[in-house]
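Biologist: Let us go through this model together. I will ask, you answer.

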Amino acid sequence: MAFLRVVTRWPASSKFACATPGLHRHALDPPGAAGTALRSGFLPLTTSSAVAKSSAATAEALRGGSQTLGSRRDPLDATFDDAHAAYKSKTTWEILRAYIVYTLCSSNYLVENNMKIMKVAKAILGEKIFTAIMKSTFYGHFVAGEDQIRIRPTLERLRSFGVKPILDYSVEEDLSQEEAEKREVESSVSELGDEKVQGTMPQFHVDKTFADRRYKVSSARTYFYLNEATCERNLEIFQQSLQAVAGATYGTGLAAVKLTALGRPQLLLQLSEVIMRTRQYMTEITALTAQANKSSPDDKGNIIGKHIQPEELQQKLQQACKLSEAPVKKFLQNVTYDQEGLIHLFPWSGIIDENLELSETFLVPDMKTGKMVRLLTQLSSKEEEMFRNMIRRINVLAQTAEDLDVRMMVDAEQTYFQPAISRITLEFMRKYNTKKALIFNTYQCYLKDAFNEVSTDLEQAKRQNFYFGAKLVRGAYLEQERARAAALGYPDPTNPSFEATSESYHRTLTECLRRIKDLKDKGKPNMIGIMVASHNEDTVRFAIEKMKEIGISPEDKVLCFGQLLGMCDYITFPLGQSGYSAYKYIPYGPVNEVLPYLSRRAQENKGILKKIKKEKRLLLRELIYRISRGKIMYTPKGDYTPI
């Protein structure tokens, strides 16, 4: 019910569907100022246009101020072993709390049974005492607050120490495994049946064994489809996050969204399969070697990398088809290309058209029969409507982000959803990233195809002239992906080792930086924005060294760093305080409804004991320092301005 309470707390405006009344008016007060309305608990309505204009103006003024007025900058200790730089933003109690939390995360018994323990504690202590204890321990350490108002002190303190937020409403349903499996199976199969056409790929069809997508996943939020009304509520929650970014962060933060929260998973599965079958089709239709096409042998059929001219495509089709036939002519007319060759076989921009009928879009000439065949299994009229609803929701979010001049980051998900998520995100980038990188995609570098996927999308952005935004992560679904591939009999999509994943990450990041430098040299700076979202010190150091090597400065605002709230402060805060663009991933939500999130954080910390060991050592060092210097009552006061 609290999920509903958050949705209905503020009425929807006509333009944004769920604006946060009054939030932006008071967000524009100087940090620390308390508005009369806030003190009284009454939040008057403000118009959406006023919100957009004032938020954008304030953000621009602050961005300009960071350059013209100057701000404090500390030298960076690249060993990330400076306890004072890591924790000067924390009170002594917060340092002690962090040390206790990490110590508890080192206990196998507590971590493995944490959800049971929390539920028993709540039953024994009662909700009020349990909530107070959680706010003093795990919740207080890993979560910023219950709603957009209560998180503002945390955001303002982060900003004063050079760190910006990525807001993430982290409420999840506490579903049993049986209920999660039931929902996933029911929402992943068409009402027309699980049609298996020739060339069907098993990874894009639901399997009950892996229907609970939380299996072996400790660091990613999971949504299970219930109905279209739930997706509408999720849309409103994401809009509220965008509103909070515009108001409480002066437009410098980001909001995270998951596309599985906005539509039926079946639609993402089917679209993902179409994309991969299109790549297979392209490999078949060209019958050209990678060397002859000047493309990578690892391009897996990515069309844009083959540099094939439309005339070559016609020649190949002519061997099997009559090009004069209307369906074939229509197919050729819809091919997307430029002077360098083909970009897409289909008008992918059409998938973000709310009036598109998917079933009749993905038709190709069969190379053996010459007849037009469907790459997409059939959808019912109801499912077509569901797809249009999903696209409408994403479009509403993208339009809200544009109107408020804030950025939206689309999270990565499992490989069987990801081709569709990336394609939809890229097309929304093409539509909205015309003046700056407003929409970001996420790439998981533990996947074997990560380098190729990023390179392909960078190439599309270059050739279709839009701004490209990407978050690079190692990934959240490794064990699940490996187990599922082995069980269903398709190739393991993941790298074989941590070292291979690091190599993939560094190679992909290097390619991004190379393209950034190339664009900068051509007088097109800021066309690419990259977030290095990593808790790995070596990767962060690698990024900093590469920036210096190719002449990219933090002030260029093309590369930033991100870590989770409550984790790896010894990396985030020294970066922010030394002038690099640094972010914290900020979860928020009511205490009882973020327990699944807290459970994952405990499990994730157990899995990175080496990092915990360093964090605990630095926390203890700072704690001893303050006690020995009589600074137990230390009050954090930052005077940094984020890049």
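This is a predicted model: local features need pLDDT of at least 70, side-chain atom pairs count only at pLDDT 80 or more; totals for chains, interfaces and linings use all residues.

Biologist: Which helix gives the most to the nonpolar patch?

Modeller: Two helices, α8 (114–125) and α9 (127–136), each supply at least two of the patch residues. Leu125, for one, lies in α8. With three residues, the helix that gives the most is α8.

Biologist: Now to the packing of α13 and α17. Is α13 roughly parallel or roughly antiparallel to α17?

Modeller: Helix α13 spans residues 228–248, and helix α17 spans 381–404. Their axes are 10 Å apart, at an angle of about 10°. Angles under 35 degrees count as roughly parallel. Therefore α13 is to α17 roughly parallel.

Biologist: How many nonpolar residues does the contact of α13 with α17 have?

Modeller: From α13, the contact includes Leu235, Phe238 and Leu242. From α17, Val396, Leu397 and Leu404 are among the residues taking part. The contact also has four polar and four charged residues. Its count of nonpolar residues is 10.

Terms used
Residues are numbered from 1 along each chain as its sequence is written. Side-chain values use heavy atoms; hydrogens and water are left out. Axes are lines fitted to C-alpha atoms, for helices over the stretch in contact, and angles run from 0 to 180 degrees between N-to-C directions. Helices (H or I, at least four residues) and strands (E, at least two) are DSSP runs, numbered from the N terminus. Angles under 35 degrees count as roughly parallel, over 145 as roughly antiparallel, 65 to 115 as roughly perpendicular and the rest as oblique. Contact means heavy atoms within 4.5 Å. Ala, Val, Leu, Ile, Met, Phe, Trp, Tyr, Cys and Pro count as nonpolar, Asp, Glu, Lys and Arg as charged, and the others, Gly among them, as polar.
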